[in-house]
Amino acid sequence: MSELVTGEAVALELRPARLPSRGMATLLDLAVALVAYMVVSLALLAATASLDEAAQMAVSIATFLLVLVGGPIAVETLSHGRSLGKMACGLRVVRDDGGPIRFRHALVRGALGVVEILLTLGVVACIASLVSARGRRLGDVFAGTLVVRERVPGGRSGFVPPPPPWLAGRFQGLDLSAVPDGLWLAIRQYLGRMNQLDPQIGRAMAERLAGDLAERTGTPVPPGVPAAPYLAAVLQERQVREARRVFAGTPGGMSAPQPPVPAAPMPSAPMPAYGPPASYGSAPVAPAAQEVRPDEGEERAGGTGFAPPA
């Protein structure tokens with residue numbers, strides 16, 4: 001079973017769910033919905049016993065739509081794609097790009113689910129899931145969603161390298177409140193998989209993510225700082241703020257900008273251009289006037305996966 005891969009050739013840490021697990025989750029959800037429908041129907045039948053036949057039929061149709069159609073839509077919207085059956089089977093509904101679903105996604109899936117699952121007893125959904133390469137039914141195709149497995153082996157997740165030491169604490173004054181969760185997810189997944197990407201695709205992906213992040217923060221990328229180390233440094237700053245908010249109770253949370261710490265004095269000479277990071281497959285070139293020992297490069301890189309400035 002292959003992992004989910006985006007159009008930028010970034011392998012996400014998500015694996016599409018197949019028909020057996022999806023079928024089990026759907027059966028559990030249907031069982032819960034049918035029990036709720038029977039309880040609500042009996043209660044309304046006793047309450048509307050004095051009404052005429054047409055009014056009782058209208059109440060029955062409204063109950064069907066509210067419980068069996070509106071209920072799953074509301075549950076998936078509020079739980080971000082995790083119904084009771086999906087939680088039991090370790091599944092979740094996500095967008096095609098791996099982000100959380102919203103009301104419109106759940107509405108399309110629920111509306112088409114009436115035809116695929118309820119009216120045809122799941123035959124249409126099973127055929128569509130078997131034909132689809134990623135196990136999607138028609139509701140997923142039209143909604144732009146995908147059911148994925150959340151319980152994956154921990155060893156498969158990519159290691160996110162820390163930023164190089166010369167960028168530590170440099171972005172403490174950034175305002176991260178406008179950065180959406182989807183962009184943080186894309187940055188983390190890119191950093192964890194950048195060693196597996198083609199060098200040109202990796203550089204283009206890093207530059208695009210760095211541009212999006214700089215636009216959200218309102219601060220351009222510092223001159224001479226490569227895109228990948230910049231992403232790693234800002235991601236670490238976000239994690240530091242989140243940890244401070246959780247363990248120290250800092251007002252404002254992780255999105256509140258912290259007072260800047262004076263950076264180390266920079267040389268007066270103009271900063272030279274940086275070569276591609278070592279993680280892209282090209283080793284950093286030492287200056288011609290300085291001899292580098294064979295074991296010196298590893299010490300200077302600090303084990304971060306990024307090349308230090310020349």
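**The largest pocket and its surroundings**

H1 gives the largest share of the lining of the largest pocket, 11 residues. The model is a predicted one. The pocket has a volume of about 820 Å³. Its lining counts 37 residues, and the closest to the centre are Thr 26, Asp 29, Leu 30, Lys 86 and Ile 117.

Five helices each supply at least two lining residues: H1 (19–47), H2 (53–78), H3 (84–89), H4 (103–119) and H5 (123–131).

Take H5 next. Its buried residues are Ala 125, Ala 128 and Ser 129. They lie on the same side of H5, because they cover an arc of only 100° around the axis. An α-helix has 3.6 residues a turn, so residues three or four places apart point the same way. The buried residues of H5 pack against H1, H4 and helix H6 (138–143). Leu 130 and Val 131 sit on the other side of H5 and are exposed.

Now the rings. The whole structure holds 2 aromatic pairs. One is formed by Tyr 37 and Phe 64, edge-to-face, with 6.3 Å centre to centre and 85° between the planes. Tyr 37 belongs to H1 and Phe 64 to H2, so this pair links distant parts of the chain, 27 residues apart. Tyr 37 has a relative accessible area of 22%, so it counts as partly exposed. Phe 64 is also partly exposed, at 26% relative accessibility.

Phe 171 lies in the loop between strand S3 (145–149) and helix H7 (181–193), while Tyr 230 lies in helix H9 (residues 227–248). The pair therefore ties together parts that are 59 residues apart in sequence. Both Phe 171 and Tyr 230 are buried.

Leaving out residues up to four places away in sequence, Ala 214 touches Thr 219, Pro 220, Val 221 and Tyr 230. Ala 214 has a relative accessible area of 11%, so it is buried. Its C-alpha atom is 9.6 Å from that of Leu 174, a residue 40 places away along the chain.

Definitions and conventions: Residues numbered from 1 in each chain as written. Predicted model: local features only at pLDDT ≥ 70, side-chain atom pairs only at ≥ 80, totals over all residues. Heavy atoms only, no water. 1 Å grid on protein atoms, 1.4 Å probe; cavity = no way out; pocket = protein on both sides within 12 Å on 5 of 7 lines; lining within 4 Å. Points joined across faces, edges and corners; volume = space filled by probe spheres on them. Helix = DSSP H or I, 4+ residues; strand = E, 2+ residues; numbered from the N terminus. Buried < 20%, exposed > 50% of the residue type's maximum accessible area, 1.4 Å probe, protein only. Contact = heavy atoms within 4.5 Å. Arc of directions from axis to C-beta. Phe/Tyr/Trp six-rings, centres within 6.5 Å; stacked < 30°, edge-to-face > 60°.
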